[in-house]
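This report covers aromatic ring pairs and charges placed over rings.

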Amino acid sequence: KMTQQMRDLQLAQARKPPGPSSPNAAKRLYRNLSGKFRVNYTSFDEGSLVGRGEKEKLRKSYLFQSNAALFEAVELQDLDRVQEMLKHYSPEELDLNTPNSEGLLPLDIAIMTNNAPIARALLQAGAKESPHFVSLESRSLHLSTLVREAEQRVNELMAQVVNEAPNADCSEKEKQLKAWEWRFRLYKRMKAGFEHARVPDAPSSVHLSVASSTSLQVTFWEPLSVNSAVVTKYKVEWSCSPTFSPLLGEAVIDKLKDLHFTIQGLVSGTAYHVRVSAYNMKGWGPPQASTPPFAIPSNWREYDGRAPRRRGQAEALDHLLGQVKTVHRHCICHEPCKNQPQSRKHSVSKSLKHLFHPGSKFLKTLKRGLYLTAIFYKDDNILVTHEDQIPVVEIDDTYSCLLMQDFLWLTKVSCMWDEILWLRQCVTVSQSSCSCILQTRFKMLLAISQMQGLLGIQDLGQVFFEPIKDKQGNILIVTLKEVKTNQTFESVRWVPLCKLQSGRKSVSSPEEPTALDTLLISLQDKLAYHQRSSHALSPGLYLGYLKLCSAVDQIRVLVPEQLPNILCHVKIRSNPNISREEWEWLQKMASVEEPVPTEPETDRSQNPLFQELQVAIKELMTLVNIPLQEAKDFRLYSQEVLDFGDQVSFLLLLPPSDDVCTAPGQNNPYTPHSGFLTLPLQIFELGEER
């Protein structure tokens, strides 16, 4: 019999935890001797471990004890202990889905004792029911056998205790008797739980949405009934017929961390009906039809057959760059760079002589001019020179006013750090024009090359969105890069940021700090900006707010500080796709110039997108400090949906035409709350591309 091996075990020696008496620990140690439910298992008492490494022995022993502890916690209905083990150990470490000698898994014990919290915790971790219960009859027979054998063992031990005189052996048998009585009660409770259970009700709600032109997304919720056994899996079925005959496909969902499923490989333009049913140890319950009752796979682009905006753009740009390189391949610009003739302006000669001098090194102080600094950071450490200075090189010692066009040009160059040498050679050809702009940009390329050479690294990172200026006439351009590996650099070393800030001796007054002092004071803010600008949105459809303000030489865009590479936004829903039907509704609303929806309307209450937009617009207006009554003058951008990959898409909310861009001197009556900043439009575009 299945429990034959249990009868001669010394249970009290094998298990001594606090709590109700149980033979559980000893049964765990010997649960595989029967070999009925677990094959190829080798007992630790056998000599077959000879020849295996000691490390493997320790690993198996560790896994074995973890599994035994989990069984014990489930049997004792210790939810806190179960959750703690699931948090600290993987399913493999817990041996979560390997049956014990009784043919049971932890999940079986939890659901048959009707312990829903433990069962749900196990399901979230990937636990499954025992594969040996192929039918209701087999499960019932198995439980009856466990109860009968436990009862028989109790009777045997009770007779031995009654008939034997008091001694050490008798005391040991009394302990075994208590343990088997506890197990007998556990099996009877499991058997009663199974007999009183019924099939689950239908899922409480099934929502159907269009995920793409060839897929639908199904989201469902647990049945509301609390009387039936715990649901352990769901079945999603789909068909072109409302009667589900014939059935086109089905999928069983047994990973219950997220109750949703995407039906792939469907035909665009075809209506599909979907239903979902739940399963527990008593079988499948009735199906629940979806809301809406059917959906048609589609995408908003099918409305007018529009191709994706960025299709082929990256390839076209790479091809164009390749053509430009080919044209310049044999020209004079690819000769080694030489020092400029002495007839040039003294300041130019001085700068070039300094940059190409063998002793070129990082600067310690600024002396009125244009400079470049590279900030590399890892955790709380900053890369500095051996003299504990932030790496700084000179661009131009006579340039006291940085034009915005030159700065924005440099931000674009930051996308081509590996091409700096080639760009320098190409710009050299145009030096004869004596263009001040070209002269400045050529010096920028020289400074970048110098920084790359001194650091021994090509990628200097991302240019901070505005240079640092001081009253002494210094302008400092800052690049930022996070280092995630243990790299070594030339001529520099790592120091804690706090040590760098506290150890620097300022040479300026607090009223008029130098650009370097300002950089050190604001370095945490700049590092935080850099980290936030690389964050990505979670998949979904978003409502963005486009607000611009103009100056003499630039246009700036309003963005949130927490995510400066994205417009101000709120999430509409998790499904990023706009279906053709939804886009048609948006086009109709735009064609009659209706105000954006902020109040419910009876005839549209059945339109899910309408309801979602109402909620999102109210939230967004509150976020940017605009009174809700002003929404009647706002518009939804109806020319296209902005797609950022396959997982994120945006609808745009636009202010009235006259207020989209605030002109210099124009009063903006609605100032956003704290937590926002404005970026130059070109910087924002580069950040969005990154």
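Tyr234 is buried, at 1% relative accessible area, where buried means under 20%, exposed over 50% and partly exposed in between, for a 1.4 Å probe and protein chains only. Phe220 is also buried, at 1% relative accessibility. This is a predicted model, in which local features need pLDDT of at least 70 and side-chain atom pairs count only at pLDDT 80 or more, while totals for chains, interfaces and linings use all residues. Residues are numbered from 1 along each chain as its sequence is written, and side-chain values use heavy atoms, leaving out hydrogens and water.

The whole structure holds 11 aromatic pairs. Rings of Phe, Tyr and Trp (its six-membered ring) pair if their centres lie within 6.5 Å; planes under 30 degrees apart are stacked, over 60 edge-to-face and the rest tilted. Two of these pairs are tabulated.

| Pair | Centre distance | Plane angle | Class |
|---|---|---|---|
| Phe220 and Tyr234 | 4.9 Å | 50 degrees | tilted |
| Tyr545 and Phe634 | 6.3 Å | 25 degrees | stacked |

Phe220 belongs to strand 2 (residues 215-221) and Tyr234 to strand 3 (residues 233-239), so their pair ties together parts 14 residues apart in sequence. Strands are DSSP runs (E, at least two residues) and helices likewise (H or I, at least four), numbered from the N terminus. Tyr545 and Phe634 are both buried. Ring pairs also join Phe464, Phe465 and Tyr529 into a cluster.

Lys235 sits over the face of Trp284, 4.7 Å from the ring centre, and Lys282 over that of Phe194, at 5.0 Å. The criterion is NZ of Lys or CZ of Arg within 6 Å of the ring centre and within 35 degrees of the ring normal.
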